[in-house]
2 protein chains.
Amino acid sequence: MALIVQKYGGSSVADATSIKRVAKRVTEAKKAGHDVVVVVSAMGDTTDELIDLAQQVTPLPPQREMDILLTAGERISMSLLAMAIHNLGVEAKSFTGQQAGVITDEVYGKARIIDVTPSRIRDTIARGEVAIVAGFQGVNPTTNDVTTLGRGGSDTTAVALAASLKADVCEIYTDVDGVFTADPRIVPSARKLDRISYDEMLEMAASGAKILMLRCVEYARRYEVPVHVRSSFSTHTGTLVTNEPDPSKDTTMEQPIIAGVAHDRSEAKITVVGVPDVPGKAARIFEVVAGAGVNIDMIVQNVSAAATGLTDISFTLPATDGATATQALTAHQPDIGFQSLQYDDAIGKLSLIGAGMKSHPGVSARLFAALSEAGINIEMISTSEIRISVVTRADSLDDAVRAVHTAFELDSEQDEAVVYGGTGR
Amino acid sequence: MALIVQKYGGSSVADATSIKRVAKRVTEAKKAGHDVVVVVSAMGDTTDELIDLAQQVTPLPPQREMDILLTAGERISMSLLAMAIHNLGVEAKSFTGQQAGVITDEVYGKARIIDVTPSRIRDTIARGEVAIVAGFQGVNPTTNDVTTLGRGGSDTTAVALAASLKADVCEIYTDVDGVFTADPRIVPSARKLDRISYDEMLEMAASGAKILMLRCVEYARRYEVPVHVRSSFSTHTGTLVTNEPDPSKDTTMEQPIIAGVAHDRSEAKITVVGVPDVPGKAARIFEVVAGAGVNIDMIVQNVSAAATGLTDISFTLPATDGATATQALTAHQPDIGFQSLQYDDAIGKLSLIGAGMKSHPGVSARLFAALSEAGINIEMISTSEIRISVVTRADSLDDAVRAVHTAFELDSEQDEAVVYGGTGR
């Protein structure tokens, strides 16, 4: 008998029929002898509809009231799911984030969880009932007001609850079968991964893979919560995010070098042209951008042209922050002293991720060769210990992903042993 | 400067435009120097839509979960209203029933308020802000779960808050101009009352006038909260429910004898035919009906036919309880020993209400004469100190209401002095 936390997203509870299907799934786990805690998002498009209502009332809603509004969504889905489970003969009770003990800071709209004290959830489990918990929400303990956790918040709720309850596994139900070596819509031969490490999953999430949000993976890694990403539309095993070795694999074999290829179309590039190449100017640029609340991803500084004493600095950022960043820089043009700004949102980012990179030289060389053979130009490069990212033109990103996926023998036509076994690369 | 509690129903906050209109009204009261607390219902048809969703999931939703579901409605309207007020430059904060200190018993679906501890509302007022409170909901302090107050619950929330805050007035905004001498849809010449006593309003509510729910009036009477029933679509003065005399009227003049004529089409009549006329049989009938959770209104026992030793007993009850009551009686037919049941839902009830009846004999005689002249048959009669009710055929109810309204000189063509002054009747 295990303690399982299951999380269902908005598309899994979009209407009464879907809610009944989820209820069936929950009761099956319960009847198999497990204790079950369910975290649920708002139904389908509820959150977007509530945001739209707020926009009709005011262009600038106070964030405290926005959080009160949005948390109505999970109230609806959680109570309906409890009813549907009850209808199948299993007792179920629903709880708000506050009732489930999800304590956050006071940053409305993107609160961070600071503690989880799920005594009511423990009591509910102890009575043999299923506990349903509203995802995406918590309570600011100073004011006893509701807070929301921001994008991907329900996944974070599930992992945080699983950590606090010391659950055996946190199952994240979604509309795909698990984590793939690449986005199957771009690479039809992409393979589902059986396992992936926290570090790799973290880099995948940070590099544009949308299956799990960064914060949720960070939480899972910190508390070592095994996360099982799987489909709510099938009973197939999905992908287990864990640092534990796979007991079904021969441990004397090497782990795979590459976990997957992620891509991201949501970034833009700003080039600051003609920056005086003197100490402190680059720092000033990034101070201004950070001061505007914008996070920067990759940075490239061109070699200074000796004749002019000027250099160009390029950086990438979320395209949604493009206007904010350019306005902030333009306002500081006199004191930074640059000549002009170039804004480019037709870029794409490809990231190759794999814990095996650490011990396998030559991965970068193989990546660049693959892109070169495919005729794809690299505009920027950045690396971490287990990731290499390159910026390309947006319209060559799909070709780049396919070329790299093939070059690293990730396509499912390949013998799995090639991927999982060591090949001396 | 006064402390005003304003309550807006679902039709007053049905969409973004309506919410903005309410916000304007609230800020006008605030800018006139008053402290304002607003109680709000769910938007338009939200509650019905949520009930429909629950029905799609299960025919028998657990009531705790039903309350969690339904209270999502006020969460949406209260936060949107706070946003709309904020947008007009006045600070506003919204609060759930729990946050506003509305403590109830644990009867989910029709909880009763047992205490109101509105410290957060007092703090909000003290900061010069408008407090918005979710109507219809409270908290069960034993479990910290949300409860709903049942039909008309938002009015009760408003009056209970007004009592606890010692507000100067509780304004109930609705879609009509106030309390009328009869339903203007039936009696076009019905007049709006400037004032009505708690006792009269209570009898009006109990007799089918839908403008205020019974529980709300009971609460207002017990705590002597002045209630101002008025339209959210105009700025006209409405009807003040109070026991205070009208300072603008000559207090040496008599109060009006009749406040109004109420009608009710929601009842049905059950006749238990052939009951043995022996002690205890009638009591047994009403035990069975009460045991099924059904409230009885009027009762008539026919004179026993000496030859058979059998009698008939008729009573009225809410038509929605008709099936429950007949099933309960049929199940007990052997031990009660009646011959058959007759069920009749084509009845109507007319009630004449007025505190002046106490000191004016002849009101009944005039009522019966008016109905007789109009050719309307009376099937049952019941009276209280300030009310006379009669049951007629449903299809003659409208004619009955018009005839009685005219007979007591309530029509607006009459000189008001006739109604408000004593006429020696």
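**Notes on a predicted model**

1. Let's start in chain B: Lys166(B) sits in the loop that joins helix 6 (153-165) to strand 9 (169-174). Keep in mind that this is a predicted model. The phi angle of Lys166(B) is positive, about 50°, even though the residue is not a glycine. Is Lys166(B) buried or exposed? It counts as exposed, because it has 9 C-beta neighbours inside 10 Å and the cut-off for exposed is 12 or fewer.

2. Now hop over to chain A. Another residue to look at is Asn144(A), a non-glycine with a positive phi near 60°. You'll find Asn144(A) in the loop between strand 7 (137-140) and strand 8 (145-148) of chain A. With 13 other C-beta atoms within 10 Å, Asn144(A) is partly exposed.

3. How many residues of helix 6 of chain A are buried? The answer is 12 of its 13, so this helix is mostly covered. Among them are Gly153(A), Asp155(A), Val159(A), Leu161(A) and Leu165(A).

4. Finally, the largest nonpolar core has 244 residues, and Leu81(A) and Leu81(B) touch the most other members. Leaving out residues up to four places away in sequence, Leu81(B) touches Val13(B), Ile19(B), Val22(B), Ala23(B), Val38(B), Val40(B) and Ile132(B). In soluble globular proteins, nonpolar side chains tend to be buried together.

Notes. Residues are numbered from 1 along each chain as its sequence is written. Chains are lettered from A and ligands numbered from 1 in the order in which they are written. This is a predicted model: local features need pLDDT of at least 70, side-chain atom pairs count only at pLDDT 80 or more; totals for chains, interfaces and linings use all residues. A residue is buried if 20 or more other C-beta atoms lie within 10 Å of its own, exposed if 12 or fewer, and partly exposed in between; C-beta atoms are placed from the backbone. Helices (H or I, at least four residues) and strands (E, at least two) are DSSP runs, numbered from the N terminus. A nonpolar core is a set of buried Ala, Val, Leu, Ile, Met, Phe, Trp, Tyr and Cys residues joined through C-beta atoms within 7 Å. Two residues are in contact if their C-beta atoms, placed from the backbone, lie within 7 Å.
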